[in-house]
Amino acid sequence: MALTQVYWDHHIPLPKLTSLQAKVTVALVALLCFCNSYDGEFVFDDSEAIVNNKDLRPTTPLSSIWCNDFWGSNLRSNSSHKSYRPLTVLTFR
């Protein structure tokens, strides 16, 4: 007895969306997911990465982002985690 292949695309009705409708739908779903966490508090290591990070303060030179790790410690320091994420730190700033 031969197994038949099922093509679900023919059995599941999918709406035909224009490009604009698809973009708006994706944006609304993303916004709906984000709204749930908007008023949330910092958790885990957020306070160290954001609140206590010297690189995020306006008084710190912008060039320090390229020399420090994600937590604001000098990359050459033995206490540094060596987690280099300058673009993430820049977005936080």
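**Exercise 1. Work out whether Phe 70 is buried or exposed, then find its ring partners.**

Step 1: Phe 70 has a relative accessible area of 7%. Buried means under 20%, exposed over 50% and partly exposed in between, using a 1.4 Å probe and protein chains only. So Phe 70 is buried.

A quick note before going on: this is a predicted model, where local features need pLDDT of at least 70, side-chain atom pairs count only at pLDDT 80 or more, and totals for chains, interfaces and linings use all residues. Residues are numbered from 1 along each chain as its sequence is written, and side-chain values use heavy atoms, with hydrogens and water left out.

Step 2: Rings of Phe, Tyr and Trp (its six-membered ring) pair if their centres lie within 6.5 Å; planes under 30 degrees apart are stacked, over 60 edge-to-face, the rest tilted. That rule gives 2 aromatic pairs. With centres 4.8 Å apart and planes at 80°, Phe 70 and Trp 71 make an edge-to-face pair.

Step 3: Ring pairs tie Phe 70, Trp 71 and Phe 92 into a cluster.

Step 4: Now look over the face of Phe 70: Arg 85 sits there, 4.2 Å from the ring centre. The test is NZ of Lys or CZ of Arg within 6 Å of the ring centre and within 35 degrees of the ring normal.

**Exercise 2. Say how exposed Ser 47 is and list its contacts beyond four places in sequence.**

Step 1: Ser 47 comes out at 31% relative accessibility, so it's partly exposed.

Step 2: Skipping neighbours within four places in sequence, Ser 47 touches Phe 42 and Asn 52; contact means heavy atoms within 4.5 Å.
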